[in-house]
Amino acid sequence: MPRYNLGELEQVVLLALLRLGGEAYGAAIRAEIKARTGRSVTPGAIYPTLDRLEGRGLLHSRMGEPTPERGGRARRHVKITAAGLREVREAWRRTSALAAGVLALGPERRDV
Amino acid sequence: MSDAGRPPRWLRIAARLVAPRHRDDVVGDLMEERHALRRAGRSRPWTMAWALGHVLRSAIASRTIRSPLVPAPAAPGRHGRWRLDLGYATRRLLRRPAASLLAVATLTVGIGVSAGVFGIVNGLLFKTPPIPDMDRVVTIHPANRPADYFNDAEYTEFEQLRDAARGMLSVAAVGVWGGALSGAGETRYLGGELVSADYFRTLALAPAAGTFRLFDERGAPLRAAVLSYALWQSSCQADPAIVGRTIKVSGEPLTVVGVAPPGFGGILMPTIRRADLWMPFDVSPKIDPWRHAPSAPRVRLVARLPAGASRDAVRADIAAAGGRIPVDPLRRARAASTGESISDPFTGAAILAISPLWASLIPPDLLDVGLTAGSAFTALSMLVLLIACSNLANVLLADAVGRDREFAIRLAAGATRGHLVRLILIETMCVSGVALAGGLALATVIARALAATALPVTYQKLDPSPDWRVIGYGAIAAAIAAVAVAAGPAFRVTRRAPLSLLPSGPGDAPPRRLRSLLVAAQMAACTVLLVAAGLYARSAVESLRHSPGFDASHLAMARVDLGASGLDDRAGRDFLARAADAAARIPGVRRVVLADAFPLDSALQKASLVGDGGSRGHRPQISGQFARVSRGLLESLRIPLVAGRTFDGGDLDGAPRVAIVNEKTAAALWHGDEAVGHHLALLGEATGWREVVGVVRDTDVGVAGQSAPMAFVPIDQEPATRVSLAVETDRRPDDLVAPLRRTLRDVNPDVVITASETVTAGQGAATLPIRLAAKVLVALGALALAIAALGLYGVLAYTVRQRTREIGIRMALGASSRSVQHLVLRQSAAMLLGGVLPGLAFSFIGVGWLRAWLFGIGPYDPVAFITVPGLLAGVGVLAALRPARRAARVDPSIALRDL
């Protein structure tokens with residue numbers, strides 16, 4: 001029984017990460033969220049979330065090489081851990097268990 | 001693509017709103033995405049607006065979304081700030097390597113010299129043997145005087161006390177021993193201890209090899225010995241097979257049973273006279289001959305208190321059980337031998353005292369001298385550190401003026417003053433930290449160099465490695481130095497408003513007065529050191545020029561230890577006779593003489609001299625010294641005879657006992673009466689009255705420059721175990737040292753030769769401390785002078801640079817280059833005077849401290865007190881020369897151009 005439930009944004013970030021093959025960097029996660037859900041998450045929200053997930057051992061991160069494209073800043077690559085995978089599955093199981101038979105997922109989009 | 005390399009300015013400024021931890025990530029992402037948008041055909045203003053919008057949202061998100069599980073390092077915490085400051089300080093120091101190196105070097109020298117001198121003092125006075133729970137180890141001694149080296153009780157008293165205290169306290173005894181060792185490396189003369197059965201157990205020592213089994217189960221001594229770790233290392237290459245092997249001590253074969261732990265050198269003045277060998281009392285008649293004789297050498301008593309027991313309680317218990325140490329029975333024995341009755345209020349008193357051992361490892365009189373000399377030298381060496389610190393403070397103060405702009409900006413940007421002070425402190429601590437490491441290394445080198453010159457008071461090479469006391473001393477010195485050096489700039493930063501720190505043109509005055517004050521302080525410290533150095537240099541010269549009242553310049557000698565060689569009285573006499581015959585045949589030898597000590601030897605024996613014939617049976621008694629000498633010695637030393645005769649061929653063993661006294665003795669005992677014909681007794685010698693047959697002129701006795709009552713007795717009538725055999729020659733005595741040694745070896749290869757040199761060299765040892773002190777102080781003084789001169793030069797050069805414009809104006813208004821030069825010289829003179837005058841005053845007050853070790857001059861020696869200011873004036877002129885010339889060369893038209 002996990003002592004801590006994934007937050008909504010955390011769940012979104014982890015799922016986006018999984019969609020990207022479990023390994024990605026900040027901007028790609030945002031792009032994936034945007035592309036899939038149309039929701040525009042600002043970078044200032046992504047990174048504290050990544051920090052928090054890393055602090056709980058749900059993902060690893062490492063800094064890449066600085067690139068001129070990013071104004072001399074390095075990319076931060078993150079990779080989901082086994083614990084992260086377990087956590088996101090559990091979160092999804094609970095969400096779907098609650099939603100089962102109550103909601104029919106339609107094609108409409110919802111913006112934040 | 002022009003903005004590809006670096007985020008545009010507006011983005012950088014806006015991004016400051018984002019939490020610092022995420023700022024770079026956010027900017028990177030936005031840059032990357034903005035490029036993509038631009039490529040996708042979005043206009044520049046659109047992407048700008050888009051990015052700014054994201055920055056604002058990110059700012060809010062990054063500061064509101066908390067990550068409770070990650071310690072938020074948004075702003076560097078207390079710890080992080082220190083790290084940042086440390087990084088900043090290091091980078092700043094590394095950016096100016098030359099200046100930093102000079103600062104570190106100055107402080108290294110200061111700390112190194114000071115810690116080095118302290119290290120020697122520490123090594124001599126404070127190092128304690130590696131005994132577990134040292135504070136529970138105590139000595140037991142007579143109550144009427146402090147515990148004293150190896151002089152606390154008779155051996156028989158030890159046995160009584162040990163039996164009385166049985167069951168309460170195990171008491172061990174230790175006695176001093178010196179002799180020859182062969183069979184472990186080369187034959188050598190070394191010091192050791194004779195110990196009782198409980199010695200090693202009382203001290204709770206564990207052997208480094210073998211055991212400490214010196215006695216058998218019934219308590220009888222075995223023919224066994226324990227070696228010191230140092231001896232084991234140096235002579236046996238730490239061979240563990242030494243245990244069980246046989247060595248020869250004073251010609252007696254003994255079995256090595258074990259090796260003492262590293263660093264242990266006994267408990268009889270271990271820092272000065274290391275023990276290398278431990279043997280049981282009574283081990284053999286040759287090694288410990290008089291153990292059961294009435295005149296057995298006295299011993300020191302040690303015991304280990306039970307945990308928690310107080311000294312007073314244990315003392316009361318032992319006293320109740322009948323334990324006692326009668327006071328000074330030796331004095332009663334001596335009195336009995338001359339038929340004197342000496343009143344002694346303590347005689348027979350059944351009292352004893354218990355003191356901690358660590359407090360009496362060094363005899364009190366030696367400790368007294370050592371503490372005074374040690375504190376004087378440590379204080380003088382601290383002056384070098386003081387000069388180094390104030391020099392460095394000066395450099396930093398000048399530097400702080402240059403940093404005003406930086407500090408003003410920092411203050412304006414929200415830094416607190418505390419933060420700036422911390423920044424300065426961290427910088428100086430970096431410097432002093434590096435200097436501490438260097439200083440300790442330097443201290444070790446200095447201590448090693450001083451120890452290698454064989455400090456004249458020690459028979460042991462000092463261990464120069466710094467222990468915790470020296471490291472602590474250095475660390476405290478470094479910390480104080482860091483704070484002291486940082487104080488000036490810190491004061492400047494905290495005292496002033498931020499805006500006033502911004503340089504505002506020529507009106508902004510550097511803190512010249514403070515800097516001048518620091519230079520004056522350096523000069524004052526330098527003066528004190530130089531006066532001390534001058535006094536000692538003069539003393540050294542005087543001691544070399546001084547005539548001791550006898551002339552040994554044509555004598556070479558070899559000193560033998562007959563007891564240590566295993567020769568008894570008869571064999572010893574026989575050896576001396578044959579050796580004298582053989583030595584007389586060495587080419588160039590005019591005369592062969594014997595003496596157990598020369599007048600300036602520290603080996604000279606002390607005795608109470610008692611005269612006969614006082615009024616109403618009163619027998620005058622004075623303390624003096626005596627030497628056993630052969631016929632011809634007084635003539636060889638050119639000591640003039642004042643009355644009577646010298647020793648002749650008739651003064652043999654069995655003939656009437658005779659003595660020759662010096663004028664001081666004659667005057668003190670017989671007050672102008674003709675001394676010849678009177679009788680003299682030497683208390684401490686059990687041989688009764690002897691007739692005075694001659695009076696000789698006074699010489700220095702024991703201490704150079706000081707005469708004292710002295711008596712000479714024929715060596716034939718008063719055999720000695722340690723004898724110097726001297727040869728008189730017309731040639732250079734140095735050339736006879738080696739042949740004499742060879743001759744003695746030829747006569748008997750087993751005889752231990754403890755010294756072999758010219759008599760002058762041996763007698764020179766009396767003034768060696770003065771010469772050594774002179775060398776050390778002159779070196780310290782030269783060092784101090786160099787650093788202080790550098791400081792003076794630095795300040796002068798700096799002021800000339802600062803005042804270039806002022807000087808330009810003066811010259812434009814008609815000042816000559818000469819008057820400008822005088823300006824600089826006047827400043828130099830003012831700083832010098834401001835330092836030298838107080839320095840002289842301090843010296844005047846402080847020289848009393850040094851008085852005891854001066855030789856041939858008074859403490860207020862005018863030569864030293866006049867030379868030193870002269871020397872400093874010369875240095876002041878030299879240091880001012882270059883700045884003055886530079887000031888004179890100021891071109892008004894160039895200096896005024898930037899007005």
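What follows is a working chat about a predicted model with chains A and B.

Colleague: What should I know about numbering and confidence cut-offs before I look at this predicted model?
Modeller: Residues are numbered from 1 along each chain as its sequence is written, while chains are lettered from A and ligands numbered from 1 in the order in which they are written. In this predicted model, local features need pLDDT of at least 70 and side-chain atom pairs count only at pLDDT 80 or more, whereas totals for chains, interfaces and linings use all residues.

Colleague: And what is the mean pLDDT of chain A?
Modeller: It is 82, with 88% of the residues of chain A reaching 70 or more; pLDDT is the predictor's confidence in each residue, from 0 to 100.

Colleague: In what order do the strands of the chain A sheet run?
Modeller: Three strands form an open sheet in the order 1-3-2, with antiparallel pairing; strands here are DSSP runs of E with at least two residues, helices are runs of H or I with at least four, both numbered from the N terminus, and two strands pair if DSSP finds at least two bridges between them.

Colleague: Which strands are at the edges?
Modeller: Strand 1 (23–25) and strand 2 (59–67) of chain A are, each with a single partner strand, so one side of each has no neighbour in the sheet.

Colleague: How many bridges join strand 1 of chain A to strand 3 of chain A?
Modeller: Three bridges join strand 1 to strand 3 (residues 73–80) of chain A, and A:Y25 has A:H77 in strand 3 as its bridge partner.

Colleague: Switching to helices, at what angle do helix 1 and helix 3 of chain A pack?
Modeller: They pack at about 85 degrees with their axes 10 Å apart, where axes are lines fitted to C-alpha atoms, for helices over the stretch in contact, and angles run from 0 to 180 degrees between N-to-C directions. Helix 1 of chain A is therefore roughly perpendicular to helix 3 of chain A, a label for angles of 65 to 115 degrees, with under 35 counting as roughly parallel, over 145 as roughly antiparallel and the rest as oblique.

Colleague: How many residues of chain A are in contact with chain B?
Modeller: 21 residues of chain A are in contact with 27 residues of chain B, contact meaning that the C-beta atoms, placed from the backbone, lie within 7 Å.

Colleague: Which element of chain A gives the most there?
Modeller: Helix 3 of chain A does, with nine residues, and helix 2 (26–37) and strand 3 of chain A are among the elements that each supply at least two.

Key:
Contact = placed C-beta atoms within 7 Å.
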